[in-house]
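Dear colleague,

Please find the structure below, handed over for your own work.

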Amino acid sequence: MMNRFRKWLYKPKRSDPQLLARFYYADEELNQVAAELDSLDGRKDPQRCTLLVSQFRSCQDNVLNIINQIMDECIPQDRAPRDFCVKFPEEIRHDNLAGQLWFGAECLAAGSIIMNRELESMAMRPLAKELTRSLEDVRGALRDQALRDLNTYTEKMREALRHFDVLFAEFELSYVSAMVPVKSPREYYVQQEVIVLFCETVERALDFGYLTQDMIDDYEPALMFSIPRLAIVWPLLPAHPRTCPGATAPVACGMVVRSSSGALAHPPVSRQGVISALLRPLPELPL
């Protein structure tokens, strides 16, 4: 009775732009859709059921989006780190991911199993249950505060938000890792090393004339073959072209092999010859 009186007396206006007011009405809409979905027999009206499920997911996205804004404003220095998101495939990182994670957590908590992921589902179920409980606590705390003071964030509410943020980040990594291949820290580090190697190779190749800026600006297809090959053979190339003993012209010493008699097994390779060789198929590369 007291809650009804407080709701009638302190209920925020729908037009109020403050975050707690926006959350209050977004959460109210979510509850209404959930109640209708629970009372509907999907076998009798499958089209209405599909529509309500889509609307329910949209409401979840909206509620989580507002909660994230509240956390950015309420606990900006205490947000759970999400550096792991850079390891997710591009098609996974979209605006509706949070809502899908919430829906997945509720399904797992209710006993559902991800298709072809039975072991992963069983491992994530305790975390999913804890996450859904934490989210309910957050929603209750935010609704209660919206009926008290829209301009104040209590310490109890901050603590609930911190706990939820940590659980949600942990579930996000576990759930996405179970659904799609996610690089390990070692694999991601090696990928970064290769990127740095290729960048340095391009810079040095430009300095020594193996590549031209026009080739890079024009996205020359041959670059796709020449850059990895240059990176592979770079340790064989000198810091600058010089004449090797026994050679008659400036060459890249590492690209020259002598026969047992001391004569050159291959003719001297000029700077232009190096890049030409690197652009040919691998079997044709000079030894």
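Read along the sequence, the protein chain runs α-α-α-α-α-α-α-α-α-α, which amounts to 10 helices and zero strands. Helices (H or I, at least four residues) and strands (E, at least two) are DSSP runs, numbered from the N terminus. This is a predicted model, in which local features need pLDDT of at least 70 and side-chain atom pairs count only at pLDDT 80 or more, whereas totals for chains, interfaces and linings use all residues. Residues are numbered from 1 along each chain as its sequence is written, and side-chain values use heavy atoms, with hydrogens and water left out.

Of the 287 residues of the protein chain, 37% count as buried. Here buried means under 20% relative accessible area, exposed over 50%, and partly exposed in between (1.4 Å probe, protein chains only). Among contacts (heavy atoms within 4.5 Å) between residues at least 6 apart in sequence, 66% join residues at least 24 apart.

Nonpolar cores

A nonpolar core is a set of buried Ala, Val, Leu, Ile, Met, Phe, Trp, Tyr and Cys residues joined through side-chain atoms within 4.5 Å. The largest such core has 55 residues, and those with the most contacts inside it are Leu 64, Ile 67, Ile 70, Leu 142, Leu 161, Phe 164 and Phe 171. Two or more residues of this core come from each of α2 (19-39), α3, α4, α5 (118-146) and α6. The most is given by α6, with 11 residues. Leaving aside neighbours within four places in sequence, Leu 161 is in contact with Ile 67, Ile 70, Met 71, Cys 74, Ile 75 and Val 138. Another core, of 10 residues, lies apart from the largest one and has Val 202, Ala 205, Phe 208 and Trp 234 among its members.

Helix α7

Helix α7 (residues 185-208) has 24 residues and reaches 35 Å from its first C-alpha to its last, close to the 34 Å expected at 1.5 Å a residue. That expected span is 1.5 Å times one less than the number of residues. Thr 201, Val 202, Ala 205 and Phe 208 are buried in α7. Just after this helix, Gly 209 takes a positive phi of about 80°.

Pockets

On a 1 Å grid over the protein atoms alone, a pocket is an open set of points where a 1.4 Å probe fits, with protein on both sides within 12 Å along at least five of seven lines; lining residues have an atom within 4 Å of a point. Grid points are joined across faces, edges and corners, and a volume is the space filled by probe spheres set on the points.

The largest pocket has a volume of about 370 Å³. Its lining has 21 residues, of which Asn 68, Asp 95, Leu 97, Ala 98 and Phe 168 lie nearest its centre. Elements giving two or more residues to this lining are α3 (46-74), α4 (97-109) and α6 (155-179), and the largest share, five residues, comes from α3. By class, the lining has nine nonpolar, five polar and seven charged residues. In this classification Ala, Val, Leu, Ile, Met, Phe, Trp, Tyr, Cys and Pro count as nonpolar, Asp, Glu, Lys and Arg as charged, and the others, Gly among them, as polar.

The second largest pocket has a volume of about 250 Å³. It is lined by 16 residues, and Gln 100, Leu 101, Gly 104, Tyr 175 and Met 179 are the closest to its centre. Two or more lining residues come from each of α4 and α6, with the largest share, seven residues, from α4. This lining has 11 nonpolar, four polar and one charged residues.

The loop between α3 and α4

Asp 95 lies in the loop between α3 and α4 and is exposed, with a relative accessible area of 76%. Its C-alpha atom is separated by 8.3 Å from that of Asp 61, 34 residues apart along the chain.

With kind regards
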